Every structure is written in C-alpha cells, then in structure tokens.
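Trainee: Could you take me closely through the part of this model where the ligand sits, and say what the protein places around it?

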Amino acid sequence: MLERTRELLDSFYRGDPQPGIDGVTHALDPATRVSREQGELLAALHERLRPAVSIEIGMAYGYSTLFIADAMHEHGYGRHFAIDPFQRGHWHGIALAALERLDFGHRVRHVNDYSLPALVRMHEQGVRADYVFIDGMHTFDGAFVDFVCADRLLNVGGIIVLDDMWMPSIRKVAAFIAANLEHYQVVDTPVANVFCVMKKAEDRRAWDHFADFG
Ligand SMILES: C[S@@+](CC[C@H](N)C(=O)[O-])C[C@H]1O[C@@H](n2cnc3c(N)ncnc32)[C@H](O)[C@@H]1O
C-alpha cells in the first residue's frame with residue numbers, strides 16, 4: 001500500500017473529520033465502514049485478479065474504495081465503478097474528495113444511482129466485470145437483486161464478495177447461492193464477515209430448478 005494511502009486510511013480509522021467535495025470538513029459516523037482486515041482482503045483479492053473492470057455497490061466514506069483504488073494505482077491496472085446514489089448528498093462526497101487527494105480519481109468512476117438501474121444500464125451497455133463487491137442496501141431483497149444483477153455482468157473466473165455476513169439477510173443470500181448455484185464455488189477467506197464466490201461457468205440450470213436453502 002502507498003504510504004499516502006495508509007496515512008489517509010489511518011486518519012479515517014481514527015475518526016478524524018474529513019473534507020467533502022463541498023470543501024467543508026465533516027464528522028464521520030464510525031459505524032459505516034469495512035474493517036481494516038476486510039479492506040486488506042478486498043485489496044488482496046483485487047490485486048490477485050487484476051480485473052480490467054471492477055464494480056462496487058455502496059461507497060459511503062470510501063474505505064473499501066480506497067483499499068481497492070490503492071491496489072489498482074500501485075500496480076497500474078483497471079477501471080473501477082463505485083455505485084452509490086447518496087455519495088454526494090448524505091456522505092458529502094467524502095469518498096470522492098479522498099480519491100482526488102490521493103490522485104486515484106481517474107481510476108474510479110462514481111455512478112450516482114441506485115444499484116438496480118445502474119447495473120441494468122451497465123448490462124445494456126455491454127459492461128463485463130471480473131470483480132464485484134456488494135455492500136449497498138442490506139435487506140435480503142436488496143442484496144439478492146444486487147447479486148443477481150452482478151452475476152449477469154460477471155465473466156467466468158470472476159468473483160463476487162458480499163459484505164456483512166453478521167446480518168441474517170446477507171447470510172440468507174449466501175445460503176441461496178450455496179444451495180442453488182452450482183456454477184459458483186465458495187472461496188474461503190480468513191475474514192468471517194465476508195462471503196466470497198467465484199464463477200466457474202455460465203448458469204445452466206433447468207427453468208424450474210430450485211433447492212430449498214433454509
Ligand atoms: C455500509 S455502507 C458502505 C460502506 C463502504 N463500502 C465502506 O467500506 O466505506 C452502505 C452504502 O450503500 C449505499 N446504498 C444504500 N442503498 C443503495 C442502493 N440501492 N444502491 C447503491 N448503494 C446503496 C449507502 O449510501 C451507503 O453508502
């Protein structure tokens with residue numbers, strides 16, 4: 001990790017107020033972020049795959065985005081789409097301002113929309129991705145729809161990472177995937193709070209396939 005990224009992330013994790021794109025400094029809500037351990041995992045998986053295109057759903061202050069963008073910048077690869085309809089409003093554009101400060105802005109494109117229309121539009125535009133991190137709406141249906149849409153964009157060999165396995169809604173999505181989607185393989189990671197799967201093949205299920213997932 002670049003020294004300047006580490007210093008900025010240290011400041012975020014200390015809870016220091018951060019500037020938004022409005023130039024005003026704002027207090028941070030410490031509840032909204034990936035842990036360092038998760039951030040390091042996201043960066044390591046990203047760096048291992050070196051995807052030409054990656055996607056993240058749910059940017060908030062941009063902890064996860066900074067870990068990913070740092071890996072891309074340091075090794076000189078890829079484009080990253082970060083989808084979040086509330087980045088410029090509720091989150092004051094703090095993630096966007098941090099990316100600019102670190103000179104990562106050219107690698108990351110913020111998509112100012114809800115994930116469902118954004119992912120459908122990307123599909124219509126022919127976008128293909130090799131890495132998707134889902135950390136947006138945390139209802140069962142919200143995360144499930146994010147997964148289904150992400151799958152339509154994902155190349156074989158790509159991965160999808162779901163955050164927040166401590167939540168029953170996210171564990172239910174993971175249980176559906178494990179019980180029903182044989183074309184995905186679970187990737188073991190040292191971080192219990194994430195569920196990571198790799199796409200092994202395209203979906204070849206019969207139209208009426210269903211396995212109960214508890
Ligand atoms: C837990 S936070 C993300 C934290 C971020 N990944 C980090 O590490 O700093 C969840 C984010 O999802 C965003 N969000 C909520 N509903 C969404 C939706 N339907 N589509 C995209 N983003 C959404 C929220 O604005 C919020 O920024």
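Mentor: In this predicted model, a polar backbone atom of Val-34 is 3.2 Å from an oxygen atom of the ligand, a polar contact here being a pair of N or O atoms within 3.5 Å, where within protein one must be able to donate a hydrogen and the other to accept it, and residues adjacent in sequence count only if both atoms are side-chain atoms. Ser-64 brings a polar side-chain atom to 2.8 Å from a nitrogen atom of the ligand, while for Ser-115 a polar backbone atom is 3.0 Å from a ligand nitrogen. Of the 610 Å² of accessible area that the ligand has on its own, the protein covers 88%, by the Shrake-Rupley method with a 1.4 Å probe. The ligand is surrounded by 20 residues, each with a heavy atom within 4 Å of it, and the closest are Gly-58, Ser-64, Asp-84, Ser-115 and Asp-135. Residues are numbered from 1 along each chain as its sequence is written, and side-chain values use heavy atoms, leaving out hydrogens and water. Local features need pLDDT of at least 70 and side-chain atom pairs count only at pLDDT 80 or more, whereas totals for chains, interfaces and linings use all residues.
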